[in-house]
Amino acid sequence: MPAFVAVGAVVAALFFVVPLAGLVWRAPWSSSWKVLSSAEARAALRLSLETSVAATAIAVVFGVPLAWVQARVAYPGRSIVRAVTLLPMVLPPVVGGVALLLALGRNGLVGQYLDRVGVHLPFHVAGAVVAETFVSMPFLVLTVEAAFRSTDQRFEDAARTLGATRSSVFRRVTLPMIRPSLIAGAVLCWARALGEFGATITFAGNSQGKTQTLPLFVYVTLEGANSDAAIVLSLVLVVVSLVVLVSVYRWLSRS
Amino acid sequence: MNRVSRRHAASVLVCFALVAAACGSSSKSSGSTPSTTSTPAKLSGSLDVFAAASLTEAFNDEKTALASSEPALSLTYNFAGSQALVTQIKSGAPADVFASADQKNMQKLIDAGFVEAPKTFARNKLEIAVAPGNPKHITGLADLEKSGVILVLEDPSVPAGNYARQAFTKAGLPAPKPSSNELDVKSTLAKLTSGDADAVVVYVTDVKAAGSKVEGVEIPDSQNVIATYPIAAIKASKHLTAAEAFVDEVVSGSGQQVLQARGFLAPN
């Protein structure tokens, strides 16, 4: 191994390890349980779990059909649709939040009609779910679309010739074949939703118990008097994310 | 085929790791290139000024004013909620000057030994802001808690949010229950101008700066809270002389003119 490769690799690895060490170093271990059992922290924790699971469910229900169409149907403009639907992966989340506000806010393009029928998204739990779905669904679509592309279509053709209907082929042949990717995509989507900050605070605001998810709580408390809570809850997010990444990666690479 | 599918999914994992890091922060700053001329004048070199979000317009005016009178000075601003700036400075952000919207946040830096003796340079008052035409007929703080009025305030950790809650107490009203607790006055005002909030409580100067996009509803002095703005040089500044000169300029020089033109009250 050339020396510069070794040095580069060590620097790169340290770049990721040192910030984590900073969190661990500053963590108020003795009072961490007290912090975690505070009402505000629990509200943020529960809200984060609820909204991220809801966002993942929505992403699966609508993202899997989108992925199927993108993988299997050749139509004009498909690459444009792909670019637009994957855009939130690279877009600054705050920009996504502004776009959501202009589209779904009370005076927004679509939001003004939603308002008339009594659907309010900003400052409500549903708004936090929408922001998380917007940012996280591309992870599911990308993973599942790749799986649809790589499956052997002869199995589906065989099922069709044996008399299965299209929907039964989809449910009983196609979906089981992509199951690992579907689960991996859903887990990645969930992890991204759990960590969503920029789009949520811009679009849904910061309202305790409604839109103040764990990342918002961390950011707000870091600047307040109770910065210990921010550090403890940051560590909680780090541990959850690590467990998810390691277990999904292990599970995927196991053959 | 499961294997192929898994391999694809694994490559997406890498993608995820890359993209997940792309979560942005939202601090606003306006920069300028450092000046190359060096003069013996006190107000020269480049200064990083961390200032409360409510000072955005006035301090940008000050920059314009100083650009002609002090060409050797180069100012870079970082505007955010005072509480956010305190966190940044305590974490070692390279600030030369800190201008806070309240004494409380300045006190945090005094206690931590980060700043020289602060000087008061302006005062401000709260005002209710509503959409042009006042469609919800807001006449005072008491109307903000009526059902059907979407109220957005700053978080209690933000100076303006703290002052606003004090005003409700002075008016004999119960603690407000805003739809959202924003992280600085500018993002609070943005929730009103986007149409998602019916009313916000910000500073008189913010209402003035927003122009015709919002309408102000005065809060009587008996209920209002006077915000006091302190400014101080940061002890660790590499340009301490220039930082002190800038503080003086804001406290007693050209700064007073631009601040008062923007609606700030004189320091005393």
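B:Val130 stands opposite B:Glu215 in strand S9 of chain B. Strands here are DSSP runs of E with at least two residues, helices are runs of H or I with at least four, and both are numbered from the N terminus.

This is a predicted model: local features need pLDDT of at least 70, side-chain atom pairs count only at pLDDT 80 or more, and totals for chains, interfaces and linings use all residues. Residues are numbered from 1 along each chain as its sequence is written, while chains are lettered from A and ligands numbered from 1 in the order in which they are written.

## Strand S5 and its partners

B:Val130 belongs to strand S5 (residues 119-130) of chain B. Two strands pair if DSSP finds at least two bridges between them. S5(B) has several such partners. Four bridges link S5(B) with S9(B) (residues 215-218), and the two run antiparallel. Strand S8 (residues 199-203) of chain B also pairs with S5(B) in the antiparallel sense, over five bridges. There B:Ala199 is the bridge partner of B:Val130.

Strand S10 (residues 226-233) of chain B pairs with S5(B) too, antiparallel and over six bridges. In that pairing B:Thr228 stands opposite B:Arg123. In a regular strand the side chains alternate between the two faces of the sheet.

## Chain B as a whole

Chain B has nine helices and ten strands. Its length is 268 residues, and 49% of them are buried. A residue is buried if 20 or more other C-beta atoms lie within 10 Å of its own, exposed if 12 or fewer, and partly exposed in between, with C-beta atoms placed from the backbone. Two residues are in contact if their C-beta atoms, placed from the backbone, lie within 7 Å. Of the contacts in chain B with a separation of 6 or more, 79% join residues 24 or more positions apart.

B:Thr76 lies in strand S3 (residues 73-80) of chain B. B:Thr76 counts as partly exposed because it has 19 C-beta neighbours inside 10 Å. From B:Thr76 to B:Ser147 is 71 residues in sequence and 44 Å in space, C-alpha to C-alpha.

## A covered helix

Helix H3 (residues 82-90) of chain B is mostly covered, with seven of its nine residues buried. Those seven are B:Ser82, B:Gln83, B:Ala84, B:Leu85, B:Val86, B:Thr87 and B:Ile89. Just after H3(B) comes B:Gly92, with a positive phi of about 95°.

## The nonpolar cores

A nonpolar core is a set of buried Ala, Val, Leu, Ile, Met, Phe, Trp, Tyr and Cys residues joined through C-beta atoms within 7 Å. The largest has 120 residues, and B:Val97, B:Phe98, B:Ala129 and B:Val200 have the most contacts inside it. Helix H7 (residues 125-150) of chain A gives the most to this core, with 15 residues. Another core lies apart from it, with 18 residues, among them A:Val35, A:Leu47, A:Leu222 and A:Ala230.

Leaving out residues up to four places away in sequence, B:Phe98 touches B:Phe50, B:Leu85, B:Ile89, B:Leu109, B:Val115, B:Ala232 and B:Ile234. Two of these, B:Leu85 and B:Ile89, are among the buried residues of H3(B).

## Chain A

Chain A has twelve helices and zero strands. Its C-alpha trace spans about 65 × 65 × 35 Å along its principal axes. Of its 255 residues, 42% are buried. Residues 24 or more positions apart account for 76% of its contacts with a separation of 6 or more.

Two packed helices are described by the angle between their axes and the distance between the axes. Axes are lines fitted to C-alpha atoms, for helices over the stretch in contact, and angles run from 0 to 180 degrees between N-to-C directions. In chain A, the axes of helix H3 (residues 39-72) and helix H9 (residues 166-194) come within 9 Å and cross at roughly 140°. H3(A) and H9(A) are therefore oblique to each other. Angles under 35 degrees count as roughly parallel, over 145 as roughly antiparallel, 65 to 115 as roughly perpendicular and the rest as oblique. The contact involves residues including A:Ser52 and A:Ala59 of H3(A) and A:Trp190 of H9(A).

In chain B, the axes of helix H2 (residues 56-69) and helix H9 (residues 254-261) also come within 9 Å and cross at roughly 140°. That makes H2(B) oblique to H9(B). B:Ala58, B:Asp61, B:Glu62, B:Ala65 and B:Leu66 in H2(B) meet B:Ser254, B:Gly255, B:Val258 and B:Leu259 in H9(B).
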